Amino acid sequence: MWGEIMKFYKNYIKDHFATFTVSSIIWIVSLFIGMYVALTIDEDSAKDVDLYIQSIINAKNSYFLVLKNGFITNFQYTFLLCVSSSFLLFLPFSLMLIGFKGFAAGFTSSSIIRLYALKGVAATITGIVLPLCFSLPVLFIMFVSTLEFPICTFRLRNRISSGERWKMYFTNVAKMSVLFLLLSFITAIEAFLSPKFFKIIAG
């Protein structure tokens with residue numbers, strides 16, 4: 001099974017290499033910017049991350065809290081990607097959305113390490129980096145779709161009918177919906193594990 005998944009992803013990268021490369025560069029640069037900002041802002045601002053972690057640790061139903069927050073965030077993010085992929089004019093906004101994900105990962109990770117030192121490193125690796133290993137492949141397919149769809153429809157604007165254009169749009173929405181469900185499944189696993197790993201900090 002894993003072999004088939006890896007084969008699919010390798011072929012996907014090969015078929016969409018240029019867009020995948022652009023998405024990767026934006027995400028990685030934004031990741032480092034997020035890390036830099038977290039290490040240079042005042043400590044009070046960094047404690048916003050601490051407040052969120054403490055709310056998870058102290059919540060009676062921490063699993064459902066993380067699951068709810070993750071589901072809402074994923075839905076909002078997928079919705080914005082669908083909207084931004086509708087028109088070529090929104091392409092800069094799509095690039096900003098990709099950058100936002102990288103920035104958030106870098107900022108959160110560095111803030112936890114800054115606040116909790118070695119315990120923060122352990123919690124970051126297990127609670128953030130490991131889940132990203134599963135969610136990033138899904139996110140990058142979403143990124144590629146978001147960037148390629150408006151370019152494709154723009155190139156075909158004079159060669160397809162309005163009905164065909166709407167069919168392409170709904171196909172893209174359906175694809176993003178499936179990816180959203182995959183992301184939600186990964187979030188459900190993350191919601192189960194994250195509170196346990198964040199309690200490493202409190203321990």
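**View 1. A nonpolar patch on the surface of the predicted model.** Phe71, Ile72, Phe75, Phe79, Leu80, Val83, Phe87, Leu89, Phe90, Phe93 and Met96 make up a nonpolar surface patch, with about 1100 Å² of accessible area together. Helix H4 (62-84) and helix H5 (91-155) are the elements that give two or more residues to the patch. The largest share, six residues, comes from H4. Patches consist of residues with over 30% relative accessible area and no salt bridge, with nonpolar side chains (Val, Leu, Ile, Met, Phe, Trp, Tyr) joined within 5 Å and like charges within 9 Å. A salt bridge is a side-chain nitrogen of Lys or Arg within 4 Å of a carboxyl oxygen of Asp or Glu. Accessible areas come from the Shrake-Rupley method with a 1.4 Å probe; for residues, only the protein chains shown count as cover. This is a predicted model, in which local features need pLDDT of at least 70 and side-chain atom pairs count only at pLDDT 80 or more, while totals for chains, interfaces and linings use all residues. Residues are numbered from 1 along each chain as its sequence is written, and side-chain values use heavy atoms, without hydrogens and water.

**View 2. Val83 in helix H4.** Val83 is partly exposed, with a relative accessible area of 33%. Buried means under 20% relative accessible area, exposed over 50%, and partly exposed in between (1.4 Å probe, protein chains only).

**View 3. The largest nonpolar core.** This core has 28 residues, and those with the most contacts inside it are Trp27, Leu139, Phe140, Met142 and Phe143. Helix H1 (2-15), helix H2 (17-40), H4, H5 and helix H6 (162-202) are the elements that give two or more residues to the core. Its largest share, 16 residues, comes from H5. A nonpolar core is a set of buried Ala, Val, Leu, Ile, Met, Phe, Trp, Tyr and Cys residues joined through side-chain atoms within 4.5 Å.

**View 4. Surroundings of Phe143.** Not counting residues up to four places away in sequence, Phe143 touches Ser23, Trp27, Tyr77, Ile98 and Lys101. Contact means heavy atoms within 4.5 Å.

**View 5. Helix H2.** H2 has 24 residues and spans 34 Å from its first C-alpha to its last, close to the 34 Å expected at 1.5 Å a residue; the expected span is 1.5 Å times one less than the number of residues. Its buried residues include Ser23 and Trp27. Helices (H or I, at least four residues) and strands (E, at least two) are DSSP runs, numbered from the N terminus.
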